[in-house]
Amino acid sequence: MKLLKRMLILLITITFMMIYCGNHQQADLVLRNGKIATVDEDFSIKEAIAVRGDKIVFVGSDEKISPFIGPDTRVIELNGKLTLPGLIDAHAHIHNLGEKLINLSISDVQSYKEVVDIVSERVKTAKPGEWIIGGRWDQNTWKGKKFPIHDPLSKVSPDNPVFLRRVDGNSAFVNKKALEIAGITRDTPEPFGGAIIRKENGEPTGVLINRAMNLVKKYFPAESEELYRQKVIAALNNCLSVGLTGAHEAGISPREIETYKALIDDDQIHVRVYAMLGEQETPVLEIDDLTGYFRRHRIENYGNHALSVRSIKLFFDGALGSRGAAFFEPYEDDPGNNGLLRITPEYVTKVSKAALEAGMGVNTHCIGIRGNRLCLDAYERAFKENPRKDHRFRIEHAQIVRDEDIAKFASLGVIPAMQPTHCTSDMGFVAERVGKERAKGAYVWRSFLDAGLVIPCGSDFPVESSNPMLGIYAAVTRQDAHGNPPGGWFPQQRMTIEEAIKGFTIWAAYAAFQEDILGSIEKGKLADFTVLDKDILTIDPKEILTTKALYTIVGGKIRYKVK
Ligand SMILES: [Zn+2]
């Protein structure tokens with residue numbers, strides 16, 4: 001009798017403990033029956049994930065997930081679908097994407113005439129004198145591939161100033177009215193760090209390269225806070241719909257950072273933003289106490305890792321498409337032109353020193369060989385004075401380099417942050433611009449990886465599409481959407497699919513000082529996932545192009561679900 005009583009007590013205790021533990025273990029969200037690429041050290045594949053709050057509490061087999069499922073747990077049956085760590089675009093322009101989504105679009109046109117027609121339509125509904133701002137033209141996709149001349153555009157829009165960004169954002173095309181407002185004539189000298197493209201008689205054609213755009217941009221009507229917010233929200237919603245849970249914003253002002261904070265406080269944006277402090281309003285060198293300025297704007301974690309600001313964005317040279325990228329030797333198709341530097345190497349060193357003092361990284365846009373090399377040298381001078389092992393300094397794009405420069409990247413630990421779709425968009429004209437020999441050093445992913453470096457991957461949206469599947473496809477094929485060239489452009493430089501996924505996850509996280517909390521599916525990390533409708537690890541690469549996000553989950557919350 002005594003024994004029976006004891007056993008009964010034991011049984012009650014065990015039952016109570018089981019219930020207690022069960023409740024204790026209960027997850028808010030469980031994903032099971034999937035193919036989960038954890039992107040951990042071994043790139044291991046698991047079946048199920050449990051999330052409590054915004055963190056991962058378990059990753060493992062379907063068998064072991066049951067104790068995490070309670071009455072209040074939301075369970076997603078993955079049915080074998082591939083789940084990746086939340087994809088991160090490591091170089092993007094959020095506001096510009098919003099602008100593209102909202103403003104006049106001339107991206108998919110085949111000729112200058114089409115541009116004129118689109119603007120002409122727009123003029124009909126524009127208010128007198130209202131600015132018509134739009135973009136993203138690319139003369140390389142037009143017949144003749146020539147830069148446009150403003151006269152036909154000016155004819156259809158005589159009273160409305162027109163400003164049309166080029167696809168790379170580094171140059172613009174304006175009409176006569178805009179030139180008049182800005183006072184640009186045949187007598188206007190070339191601005192520092194920019195160029196005014198001219199007709200034979202010296203009159204401006206309307207194409208303004210790099211800093212010459214500022215001559216016009218300063219007359220833009222001030223953008224309202226409300227419109228800015230709308231653009232950011234539109235862009236980040238677009239990101240969620242293509243499976244992005246994070247984006248590295250390549251340059252915003254302190255004022256814009258405040259807007260981001262307000263949007264986070266209002267729960268209006270749900271993509272994690274790692275922002276680089278840019279030079280939109282003032283060149284940073286005009287600031288007296290640069291270190292203090294950087295310290296004031298450094299943000300490690302705002303709104304539970306919704307926003308962080310830990311680097312400064314600089315622009316060193318221009319773009320290849322508009323022949324602004326800087327080389328030691330002239331352009332193959334423009335003898336006498338070596339490209340241009342928008343700032344001096346000393347400028348880069350000075351900013352780098354202050355950044356190192358303030359615990360910030362420096363991320364500099366460099367495209368050409370001279371841009372990349374002089375930037376590395378400028379970084380090196382700052383590192384010598386203030387050695388910091390974990391500096392995470394980056395070069396954005398790192399498009400064309402030489403072997404000796406790759407070695408320099410590696411010895412300094414400078415991260416090449418690259419955009420695979422730039423390679424496949426540019427491959428048709430790279431050799432034309434720089435010749436066959438230099439083209440071998442273009443988008444050399446394999447060489448960088450072999451040198452022991454990681455490559456955070458991005459899209460530079462809206463220069464390219466925000467869809468990371470296009471980037472992953474470009475990284476593994478080096479082919480355009482039609483499979484050209486057969487075998488891929490310099491195919492020895494391709495990434496493996498695992499590397500491409502790392503580029504959009506753990507390497508992107510590393511480049512933002514966030515590899516401890518993001519970038520892989522591991523216990524303790526933030527619960528950011530992208531569920532895809534196809535298994536990009538095994539399908540024919542061609543199929544990656546049409547792969548879509550089924551779920552985009554950020555911090556354990558479903559922020560996008562395919563309809
Ligand atoms: Zn960019």
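Residues are numbered from 1 along each chain as its sequence is written, and side-chain values use heavy atoms, without hydrogens and water. Because the model is predicted, local features need pLDDT of at least 70 and side-chain atom pairs pLDDT 80 or more, whereas totals for chains, interfaces and linings use all residues.

Trainee: How are the axes of helix H2 and helix H7 oriented, roughly parallel or roughly perpendicular?

Mentor: Helices (H or I, at least four residues) and strands (E, at least two) are DSSP runs numbered from the N terminus. The axes, lines fitted to C-alpha atoms over the stretch in contact, with angles from 0 to 180 degrees between N-to-C directions, come within 7 Å for H2 (residues 94–102) and H7 (residues 225–241) and cross at roughly 95 degrees. Angles under 35 degrees count as roughly parallel, over 145 as roughly antiparallel, 65 to 115 as roughly perpendicular and the rest as oblique. H2 is therefore, relative to H7, roughly perpendicular.

Trainee: Which residues coordinate the zinc ion?

Mentor: Donors are N, O and S atoms within 2.8 Å of the metal (3.2 Å for Na, K and Ca); water is not among the atoms, so sites may look incomplete. The donor residues follow the spacing H-x1-H-x366-D. At 2.1 to 2.2 Å, the coordinating residues are His91 (NE2), His93 (NE2) and Asp460 (OD).

Trainee: Is Asp460 buried or exposed?

Mentor: Buried means under 20% relative accessible area, exposed over 50%, and partly exposed in between (1.4 Å probe, protein chains only). His93, another zinc donor, has a relative accessible area of 14% and is buried. With a relative accessibility of 6%, Asp460 is likewise classed as buried.

Trainee: How many salt bridges does the model contain?

Mentor: A salt bridge requires a side-chain nitrogen of Lys or Arg within 4 Å of a carboxyl oxygen of Asp or Glu. One of them pairs Asp405 with Arg402, at 2.9 Å between the closest N and O atoms. By this rule, the count is 35.

Trainee: What separates Asp450 and Arg446 along helix H15?

Mentor: Their side chains form a salt bridge at 3.8 Å, N to O. Asp450 is exposed at 59% relative accessibility, while Arg446 is buried at 18%. Because they lie four residues apart in helix H15, the separation is about one helical turn.
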